[in-house]
Structure formats: C-alpha cells, structure tokens
Amino acid sequence: MEGDGEVGGGTRGGPGGSSPRANTAIATGSHLDSVPDGGAYDGPLGVASAFAAIDRLRERGFVPTRPVAVAAFCEEEGGRFGLACLGSRLLTGVTAPEAARELRDGDGVTLAEAMTGAGLDPARLGADEELLASIGAFVELHIEQGSALDGLGAAVGIAEGIWPHGRWRLDFTGQADHAGTTRLTDRRDPMLPYAATVLEARQAAAACGALATFGKVTAEPGGANAISSAVRAWLDARAPDQGVLDHMVGQIEATARRAAEAQGVEVSMRRESFTPPVEFDPALRARLAAALAGRGIAAPALPTGAGHDAGVLAARVPTAMLFVRNPTGVSHSPAEHADLADCEAGVVALAAVLEELTSR
Ligand SMILES: [Zn+2]
C-alpha cells in the first residue's frame, strides 16, 4: 500500500511506494502456496487475515501514521521447486538468484522457464535491499501447527521463536536380487538398515525432546518381488536448540552406518537444507503482548518447530508471529482446521497489532 496515512491493499512496488523511507512501513502477510494435498489455512489464513484486519481498521476510520504493506510470499512450502521459503530467501539474499533460476520442478521445468511462461522476468530475481530497508517490522499471522493453544484455552498466541531444523538425504546402496531365490544370508538389502534408521530416529527424538521424521522414501528398482538395489530416504529433524539437534542427528547417522555395515550395504548421508534457530524480536514481541493484553486478549507465548517466511525475514527485519488456534493440531493435511470464531479472533488481534505499530 502506497503512501503514509492510508490503509490499503498490497502493492507491487513496495511498502513505501516509489521512494520508500527507511524503516517506515509495517508489513504483514504470509503465503498462498501449500504442500501436496495440504490444508486450507496454512498460509492463506495469514494473507486473508491481513486484508481483513486492514478492512477493520478502515471501517473504524483509523488513520495510520505509517504505510501498511501486505505480502504474499511464493513457494513457502517448496512444494514445486523443492526449496522452502524461496520467496523470502530470495528477497533477503539468503538464496542466490543464479541458484534459484536453475531449480527444477518434478517435470524438469526450471524456475526461470516457469517464470518466463507466466510472463515474469527471471532476471529480476534477487535481494531487494531498498524494499527491506523500508520495512520497520513484519508480523505474520499463521494457523498453529500443533495444539498447544487448544490446551491453553486461547484463540491466539505469540511465537517466541523457531526451532533449528534441517533436511538430510540418506542413500543406502545394496544389491538388487531375486526375492524368491536369494538366501537371506546372501543378501545385501538396503531396506534393512533404512528400517533400523527410521526406528532409531523415533527413539532418538523421544529421548531428546525433539522431532525426527522420515516422510519421503524411494526404493529402486521398486519391484515387489525384488530385493532393492538402493533406498533413498529424507530425514527431517528439528530440536529446541542446535546442540540437541546435532546430538540427535549424530545418533541417527551412527545407527544408519552401523546397520548398513552389518548388512554389507553402503550408506551416505548429506545435509540438503538447514535453518538455524530463530528468536523473534523480543521488543516487538513485548509490544504485541502489551497491545493484546491492553484489549483483554490473552495471547500466550509459544515455540514452534515449523519454518516460516517470518523466520527468514527475522534475520533482517524486526519480526513477530501470531498463531491462531488449531483444535486438532493437524497441519499439512486437508484435516487442518480453525474455527471461524478463532479466525475472527486472529483478525481482531492482528488489527490491534497493526494499530499499535502504526499509531506512532
Ligand atoms: Zn505456512
């Protein structure tokens, strides 16, 4: 939205218009993309709530002292090109434009080709320092991806920070053979150390108070009556701090190597992505908490294991997040849900926050 003193919709040019002043704009929003077969709220709730909150302030005749901008980041889930938070990583320079242009989707189409096909210029990808400098604060509203708020009996909460998290690829390589004629003792079956590694991941996560998940695996050649030649699996690991995460992933890797060796299988493990821990801006969080408390809104502080554009922006801009209650805690699934009353409570909270941040 353009210009001081007016609340309006999103803008293509930037939150400050054609000549943004440093640190003046308050930005809010989230993402519109989803994981394959995902839910309706993860992402879109934050974008829709941004407009609804602005409408609310407008209806009340509130006149902000700073510009308010609405952001919808692309490819937050990395569902098409595989790199989560691609939009915010490009904006902040965390991901180089040359690398982004070469990312390929499942059909082999590069991001550059997809952009050109959609009428966009891939040469314009990259960090936008002027835009970043114009943002005084970014607040992302998001459905909670757990059920902590439900347990606390609160409709909205304030995020404290994001756990460090990463993705590791494991390749177990054995020997393809006949399932009906190869004696058990003669097999080099990569499925066995993979299975041991999955169980270790669960045990290590439970012991560490962390999270470890194998949600994607492929077996080659993939015949029901053949011993696999290779199993490729992806470990997603998250923990309250870096030390715990390193310890847990180390334990999982040690088990993978031991179990592979016992079966005469080769294993390699490499990190594909990593996001360090994020602590959202303490002063901004305190301001949000005070603004909500002043309106009688109880908003407990929560940690989260999920990555967000807000987590990427936090390295460059004072950033905070509001969570909206998710009664079952289910996310990244069509069963993801928020009650209408809680969505409205989220809009009221976001409007209160925008009013607080643009009143002076
Ligand atoms: Zn999201």
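## Strand β4 and its partners

In this predicted model, Gly157 has Phe323 of β13 as its bridge partner. The pairing between β4 and strand β13 (residues 319-324) is antiparallel and spans three bridges.

Strand β4 also pairs with two other strands named here: β12 and β11. With strand β12 (residues 301-304) the sense is parallel, and four bridges join the two; Gly161 stands opposite Pro303 there. With strand β11 (residues 278-279) the sense is antiparallel, over two bridges, and Ile162 faces Val278.

Buried residues, those under 20% relative accessible area, make up six of the seven positions in β4 (residues 156-162), so the strand is largely enclosed by the rest of the structure.

## Helix α11

Helix α11 covers residues 340-357, 18 residues in total. From its first C-alpha to its last it reaches 26 Å, close to the 26 Å expected at 1.5 Å a residue.

Of the 18 residues in α11, 13 are buried, so this helix is largely enclosed by the rest of the structure.

## Zinc site

The zinc ion has three protein donors: His31 through NE2, Asp42 through OD and His142 through NE2. Along the chain, the donors follow the spacing H-x10-D-x99-H.

His31 belongs to strand β1 (residues 25-31), while Asp42 sits in the loop between β1 and α1 (44-59), so the pair ties together parts that are 11 residues apart in sequence. Both His31 and Asp42 are buried.

Terms used
Residues numbered from 1 in each chain as written. Predicted model: local features only at pLDDT ≥ 70, side-chain atom pairs only at ≥ 80, totals over all residues. Heavy atoms only, no water. Buried < 20%, exposed > 50% of the residue type's maximum accessible area, 1.4 Å probe, protein only. Pairing = 2+ DSSP bridges. Expected span 1.5 Å × (residues − 1). Donors = N, O, S within 2.8 Å, 3.2 Å for Na, K, Ca; no water.
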